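Here's a quick tour for anyone meeting this structure for the first time. Take a look, then read on.

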Number of protein chains: 2
Amino acid sequence: MSDVTVSSFSALSSMNALWQARYGTRPPGISLPESPVARSLMTHRSVRAFSPTPVPDGVLEAAVAAGQSASTSCNLQAWSVIAVRDPARRERLARIAGDQDFIAQAPLFLAWVADLSRLEHVGQMRGRALPGLDCLDTFLGAVMDTAFAAQNAAATFESYGLGIVYVGAVRNQPEAISAELGLPRRTLAVFGMSVGYPDRKQPTAIRPRLPQQVVLHSEQYDRAAASNPEVLDAYDERLRTADAARGRPARGWSDSVLARLGDISALHGREHLPQVLRRLGFMPGEA
Amino acid sequence: MSDVTVSSFSALSSMNALWQARYGTRPPGISLPESPVARSLMTHRSVRAFSPTPVPDGVLEAAVAAGQSASTSCNLQAWSVIAVRDPARRERLARIAGDQDFIAQAPLFLAWVADLSRLEHVGQMRGRALPGLDCLDTFLGAVMDTAFAAQNAAATFESYGLGIVYVGAVRNQPEAISAELGLPRRTLAVFGMSVGYPDRKQPTAIRPRLPQQVVLHSEQYDRAAASNPEVLDAYDERLRTADAARGRPARGWSDSVLARLGDISALHGREHLPQVLRRLGFMPGEA
């Protein structure tokens with residue numbers, strides 16, 4: 001099968017078919033053990049066109065329960081999530097976060113927040129200074145806690161037939177996002193997530209990824225495998241073909257890397273993150 | 001049911017029972033829609049005692065395929081994973097990463113690597129400077145890509161009946177880890193993951209988490225809900241009871257926050273992350 005014809009969320013029932021859709025090849029000499037969880041995860045595709053149907057009751061709570069069930073560094077649980085349903089607020093968030101209309105269209109927007117504020121409050125209640133809060137590593141741990149939780153939530157939403165897309169553009173103007181969501185000091189919305197039922201008239205497809213041998217190494221990092229020009233060229237071509245078939249800009253992977261990182265203006269303000277973090281109360285004494 | 005008696009990975013079959021194990025209460029006035037994926041995610045508990053049984057063929061590849069199926073910022077795919085099976089190397093990694101014996105015991109150790117090296121290589125192949133690589137936000141995006149992928153892999157391992165534990169202590173001595181794994185410039189092992197079948201003689205349990213109203217907010221951040229002293233006290237007590245029943249240090253949540261963040265020495269070297277990042281080739285021009 002081609003990797004561009006997968007347009008239904010439930011079309012693929014076998015591990016091998018999902019592998020083929022993601023990598024464009026059969027699994028090389030291995031047999032993939034069956035797992036409904038793995039199949040659901042491998043079926044992921046980002047959705048950017050949503051139906052207006054609301055998210056059913058209980059779905060958000062189940063997704064957050066799955067999120068809270070994820071690992072968290074030292075059990076600090078250094079994250080929060082803000083559920084935005086108000087259409088006017090979603091419209092404002094869409095403008096702040098890169099003018100992305102799907103934020104206004106999807107019935108639910110989640111702002112995933114790295115949250116050291118709650119931990120600072122625990123110190124205040126106990127009358128203890130918490131110098132660890134000022135360290136970049138602690139902020140990084142909060143970001144990872146947030147990402148583990150959000151990914152479990154994403155998997156849960158998708159298991160119910162909903163679609164999601166992550167929104168990194170909440171970091172374009174972090175302080176405008178903080179004001180809109182009433183975020184306290186020592187918190188940062190590190191990414192958003194639009195959630196809703198996919199618009200069936202605008203089907204999505206599984207997007208090809210780099211061959212597994214480029215990212216999975218044995219015992220030590222294999223530089224030759226990670227940057228084999230022939231392998232990267234072949235991936236460029238495969239991604240170009242897949243994106244063209246979906247009506248997306250078809251520039252291949254290498255060119256998209258150059259476009260994103262070759263000019264600071266492509267970061268849309270995110271280049272100021274160190275200064276923003278300090279203004280938001282992170283890392284006052286270092287970096 | 002008590003939240004401390006859950007010792008088998010497959011004991012809980014209902015969403016409500018899993019909610020009760022995690023929060024100590026029934027779902028408050030909501031009905032949780034059924035989802036086998038959510039149930040599997042909600043069953044997570046970290047495993048730190050492993051049987052020597054090897055990880056079956058195909059499981060790692062399926063887990064990495066699920067990881068690569070996760071969202072990735074701008075499709076940069078800025079991560080790699082190093083699979084370490086060699087017992088001598090696992091023993092050395094156990095010593096570097098906080099003397100944690102389970103790293104030597106579990107048959108598989110994964111080092112999850114935020115990887116800007118591959119992107120830098122793309123720029124070099126095309127003769128293009130990539131100033132975006134120097135920005136903290138780009139490093140942060142790589143960390144989030146890594147976390148999304150790792151969490152999908154964790155969910156996949158657990159769906160096969162394997163257990164995992166994340167290892168943040170690879171950041172105690174990042175440069176020693178880099179040397180052991182042959183990591184190139186502009187990469188950082190942001191966390192590890194031990195993988196194997198749980199030792200049935202040392203059962204684990206679902207660990208209580210903060211009540212959902214503390215982390216899930218509607219429309220705007222609710223400071224009163226996030227730091228309600230009565231709610232936090234009750235969670236302290238619930239966690240203390242659960243940890244005591246498992247023979248773990250039972251100090252409650254607030255005290256563990258103070259212990260972790262109240263003294264820089266508790267970071268075991270991670271307080272030097274900004275300088276380490278610069279030496280590893282990240283953010284040379286800023287922060």
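Helices (H or I, at least four residues) and strands (E, at least two) are DSSP runs, numbered from the N terminus.

## Ground rules

This is a predicted model, so to speak of local features we need pLDDT of at least 70, side-chain atom pairs count only at pLDDT 80 or more, and totals for chains, interfaces and linings use all residues. Residues are numbered from 1 along each chain as its sequence is written, chains are lettered from A and ligands numbered from 1 in the order in which they are written, and side-chain values use heavy atoms, leaving out hydrogens and water.

## Helix α4 of chain B

Just after α4(B), Gly98(B) has a positive phi of about 75°. The helix itself covers residues 87-96, and its buried residues (under 20% relative accessible area, 1.4 Å probe, protein chains only) are Arg89(B), Arg90(B), Leu93(B), Ala94(B) and Ile96(B). Looking down the axis of α4(B), these fall within an arc of 165° (taken from the directions from the helix axis to the C-beta atoms), so they line one face of the helix.

Chain A splits into domain 1 (16-44), domain 2 (46-204) and domain 3 (208-281), with bounds from an automatic or database domain assignment. In chain A, 13 residues of domain 2 are in contact (heavy atoms within 4.5 Å) with 11 residues of domain 3.

What links Arg279(A) with Glu175(A)? A salt bridge, with the closest N and O atoms 2.7 Å apart; the term means a side-chain nitrogen of Lys or Arg within 4 Å of a carboxyl oxygen of Asp or Glu.

Key
Buried means under 20% relative accessible area, exposed over 50%, partly exposed in between (1.4 Å probe, protein chains only).
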